[in-house]
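Morning, everyone. I have one structure to show you today. Please look at the screen.

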Amino acid sequence: MEEVARRAGIAKGTLYNNYRSKKELFLSLIEEGIERLESAVRREVARREDISGKLEALIGAQLSFFEEYRDYCKLLLSEVWGLGTRWEEQVERLRSGYIRIIRDLIEKGQAEGVIRKNLEVDAAATAVFGAVAVAALNAFVFETRYRYESILQTLKELLLTGLRERGAGVAAPER
């Protein structure tokens, strides 16, 4: 807490006036990050008309968000998503909020005949989130040069081609 206060340029007591513990501060940061992610994705998705375009926008917005907030991405995936019951409420918040956005798009696409009806929606939505998140995390941690455009195009191709109904007549993502 002392280091956080120092970096924020405030007194440690001021920090404790707003957060009773390190855990409360941590949870607040996770919640704010989820809200920012949802907001960024909703904004980009709203700019597109069709489901395929909306899913492309979602993938791009999530990848961009994780690129901009690399430390948050690492924290979210290692501390929250990866530890099961310790941060159960935050994982559920992510699932009920952000992953719900993905689920809604998949369900709408299934209803329109653009996305395969034989997909299990929860698993597909979680897989989309996870593929983008882990691809970003892998690039941040293990690669010497971050290739945003290449990663984005690979994710679009892999995820959208796998989600699309065969013969739906939807064009492949632009390269």
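One caution before the tour. What you see is a predicted model.

Let's start with the overall fold. The protein has nine helices and zero strands. Read from the N terminus, the order of elements is α-α-α-α-α-α-α-α-α. The chain counts 175 residues, and 42% of them are buried. The protein exposes about 9,900 Å². Carbon and sulfur atoms supply 49% of that area.

Now think about contacts along the chain. Take pairs of residues at least 6 apart in sequence that touch. Of those contacts, 64% join residues at least 24 apart.

Next, a helix pair. Find helix 3 and helix 4. At what angle do helix 3 and helix 4 pack? The angle is about 145°, and the two axes lie 8 Å apart. Their crossing is right-handed. Who makes the contact? On the helix 3 side, the residues include Gly33, Arg36, Leu37 and Ala40. On the helix 4 side, they include Lys54, Ala57, Leu58 and Ala61. Keep Arg36 and Leu58 in mind. Both come back.

On to the core. In soluble globular proteins, nonpolar side chains tend to be buried together. Here, the largest nonpolar core has 43 residues. Which residues have the most contacts inside this core? They are Leu58, Ile59, Phe66, Tyr98 and Phe129. Several helices contribute. Helices 3, 4, 5, 7, 8 and 9 each supply at least two residues of the core. Helix 8, which spans 121-142, gives the largest share, with ten residues.

Zoom in on Phe66. Set aside its neighbours within four places in sequence. What else does Phe66 contact? The partners are Cys73, Leu76, Phe129, Ala133, Ala136 and Phe140. Notice Phe129 in that list.

Last topic: charges. How many salt bridges does the structure hold? There are eight.

First up, Glu32 and Arg36. Their side chains meet at 2.7 Å, N to O. Both residues sit in helix 3, four residues apart, which is about one turn of the helix.

Now move to helix 7. Arg103 and Glu107 form a salt bridge at 3.7 Å, N to O. These two also lie four residues apart, about one turn of helix 7. Glu107 has another partner, Arg100, at 3.3 Å, N to O. Arg100 is partly exposed, with a relative accessible area of 29%. Glu107 is partly exposed as well, at 30%. Through shared partners, salt bridges join Arg100, Arg103, Asp104, Glu107 and Asp122 into one network.

How values were computed: Residues numbered from 1 in each chain as written. Predicted model: local features only at pLDDT ≥ 70, side-chain atom pairs only at ≥ 80, totals over all residues. Heavy atoms only, no water. Core = buried A, V, L, I, M, F, W, Y, C linked by side-chain atoms within 4.5 Å. Buried < 20%, exposed > 50% of the residue type's maximum accessible area, 1.4 Å probe, protein only. Contact = heavy atoms within 4.5 Å. Salt bridge = Lys/Arg side-chain N within 4 Å of Asp/Glu carboxyl O. Areas by Shrake-Rupley, 256 points an atom, 1.4 Å probe, with all protein chains shown as cover. Axes fitted to C-alpha atoms, helices over the stretch in contact; angles between N-to-C directions. Left-handed = near helix turned anticlockwise from the far one by under 90°.
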